[in-house]
Amino acid sequence: MIVRKPQILLLSLAVAAALTGCPKQEEQSPPAATAAAPAAAANELKLDESKLPAYNAFTVADLDASKDACTDFNGYVNEKWLNANEIPADRTSWGAFTILDERSVAVQHQLAEQAAAMKNATGIEKIVGDFWAAGMDEAKINSLGITPLKADLAAIDGLQNTAALADYLRSSAAKGENFLFGFGPEADFKNSAMNMAYASQGGLGLPDTTYYTDASKADKLNAYKAHVAKVLELSGVPAADAAKQAEDVIKFETRLAKASKSSVELSRDVSLYYNPVTVADADKLTPNFSWAAFFQAQGVAAPEKFSLAMPAFHQEVSKMLADTDPAAWRAYLRFHTVDGAAPYLSNEFVQENYAFYGKELNGQKEIKPRWKQVLGTIESDAGDAFGQMYVKVAFSPESKAKMEELVKNLAAALKDRIQNLAWMSDETKAKAIAKWETFTPKIGYPDKWRDWSGLSTTHDDYLGNVRAANAFNYKWALAKIGQPVDKTEWGMTPQTVNAYYNPLQNEIVFPAAILQPPFFDPNADDALNYGGIGAVIGHEMTHGYDDQGSRFGPTGNFENWWTPADSKGFAALTGKLVNQFNEYKVGDQKVNGSLTLGENIADLGGLATAYDALQKASAGKEDAKVDGFTRDQRFFFNWATVWRTKYTAENAKVRLATDPHAPAQFRAIGAPSNLPTFAAAFQCKAGAPMVRTGDKQVVIW
């Protein structure tokens, strides 16, 4: 189920909320929970491993001997498994990442139940337990229907003019309920040690601007219009009026979409987020929406400057405040208020939310069971608090130590690759190495946990807990504006199966949940670990040198450290990679090589770096075959296993339009096909599909 929430941290930069770089702090163990009842032992968290899903690690039994590794490497490694495993009905994709996510969710399930059962719980256990108990009380939630939103809807019904609408947008944003645009703190691109305020575009219910303007997506736009009408009708609007209001909402959002940047534009030009202006200049750009009044309403002192990102969007909003019928504004605000709260309301709202965002848009066959929905809410609203519980039972010190060794080895291999680049000048290499020297790795969990004191939750008010957390998180975020960046913060929770590079902090971050098979196994041989998490480490490091990460310097500031000739050479090489991925197709739809460029650069550099690191780690060691396969072959086997994924047809289409990552089947083969070491490992002949030579071969980092 897709739940759209107000955006607080604005800049994904294809990774996470961007902050700034720092030296690594002294290691700490996960802090103990806030003291609860005197009988602390009774409230001790425990994990029953027998109830967790099995790992999906590489095994030779998965290999399809009827296929040729040099012709169809993804099919050779993954097709047997993919054919034997269906996408679960409550999922839209299935593979290495999602299987580990199921395992993480299963751990969280046990912890949430334990937290809810604790006597006199306090601190993070009380927060998690309250969310769980309130969210699982389906009977009470169903008895309330639309009642929890009646005051909000009455306030919206009273909006009759431009001034009232602008005031409502400010006051609702102050509660952490801003559907129209993103607002919050990020590091200043030009002074990455300090946070500044950013305002970005938003306001759309569909995944991308193209859903409103591309004729090939007209069916989804029509389905969305029907969804809008249904939600309005469920909220109490008569059917005929709801249909008319839905037309107004679609026109409203289409106008916003035409003034917005697409996913492709945003993913390939990070500078779009940075447009520093004074408050007075911003007010001139948007005469019907005062930013001075907005800052005042948020309880934030008006800054000297803030980033009014995508200014054309905000100018359009200002025009719409004056020239759009207030009735259309009321329909838009009513719909998004109800739609945003739908997952926390009675079943008819939950089902309609799933019917469109899950089933229609992404091909999800069945709604997630309620317990998974509630865990998703806790992750979204109090994920860091939940993470403090997670790492106590699900992350070992041995894994952390082994990961630190791998990161060290990958970093050394990357440095060697940079120093030996034939296409880059010594001047630019020196700057690239200076950036390499400031890389900061973060592994497992934060050194310092966030303080959750002040968030008030209860056992019997699900939507109330969500709204309290939204407001709490929003105020916590706004308090950073104008303050030094906290270099201990993470952009992901420990229970997240993912990793990221943060250009404004020049850090690579690996949450605990991804440090499991097939990515990482402290008991596995080097070939599998370097082909899995080693390549992921290299991937995240290479993001510092992809087409967007390379625009940030060693301190995280947005700056140009390239000579003109090297910039031109880099563009030529990345252009070849764009062309390579443009040739891949899912059905009759091409992969967008421009949209996926950053991730493809990182895959190529990361895999090559991991291979080099494996050779150094294995130097002088016998290459004893395992199950008849060499070390190098097993390295590439695990790389492909990591990308073992299948998607629903609908989800694949959404990803092709919006996801900066290429479909997994092409990530399994794209980078290896450019590496001569792959061809050597499998004795591939020239001309084989997995062997790229001459102008077809891409070597960047």
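The conversation below takes up the terms and the values behind them.

Modeller: This is a predicted model, in which local features need pLDDT of at least 70 and side-chain atom pairs count only at pLDDT 80 or more, while totals for chains, interfaces and linings use all residues. Residues are numbered from 1 along each chain as its sequence is written, and side-chain values use heavy atoms, with hydrogens and water left out.

Colleague: What makes the pair Cys70 and Cys684 a disulfide?

Modeller: A disulfide is a pair of cysteine sulfur atoms within 2.5 Å. The sulfur atoms of Cys70 and Cys684 are 2.0 Å apart, so the pair meets that definition. The structure holds 1 disulfide. The angle about its S-S bond is -85 degrees, and the link of Cys70 and Cys684 is left-handed.

Colleague: Which parts does the pair of Cys70 and Cys684 tie together?

Modeller: Cys70 lies in the segment before helix 1 (73–84) and Cys684 in the segment after helix 26, so the link ties together parts that are 614 residues apart in sequence. Helices here are DSSP runs of H or I with at least four residues, strands are runs of E with at least two, and both are numbered from the N terminus.

Colleague: Why is Asn473 called buried?

Modeller: Buried means under 20% relative accessible area, exposed over 50%, and partly exposed in between, with a 1.4 Å probe and protein chains only. Asn473 has 11% relative accessibility, so it counts as buried. Asn473 lies in helix 19 (residues 462–478).

Colleague: How do you know that Asn473 and Arg450 are joined by a polar contact?

Modeller: A polar contact is a pair of N or O atoms within 3.5 Å; within protein, one must be able to donate a hydrogen and the other to accept it, and residues adjacent in sequence count only if both atoms are side-chain atoms. The side chains of Asn473 and Arg450 are joined at 2.7 Å, so the contact falls within the limit.

Colleague: Is Met310 buried or exposed, and is Gln683 buried or exposed?

Modeller: Met310, at 5% relative accessibility, counts as buried, whereas Gln683 is exposed, with a relative accessible area of 71%. Met310 is in the loop between strand 5 (306–308) and helix 13 (311–323). Gln683 is in the segment after helix 26 (676–681).

Colleague: What is the phi of Met310, and what is that of Gln683?

Modeller: Met310 has a positive phi near 50 degrees, and Gln683 has a positive phi of about 50 degrees. Most residues other than glycine have a negative phi.
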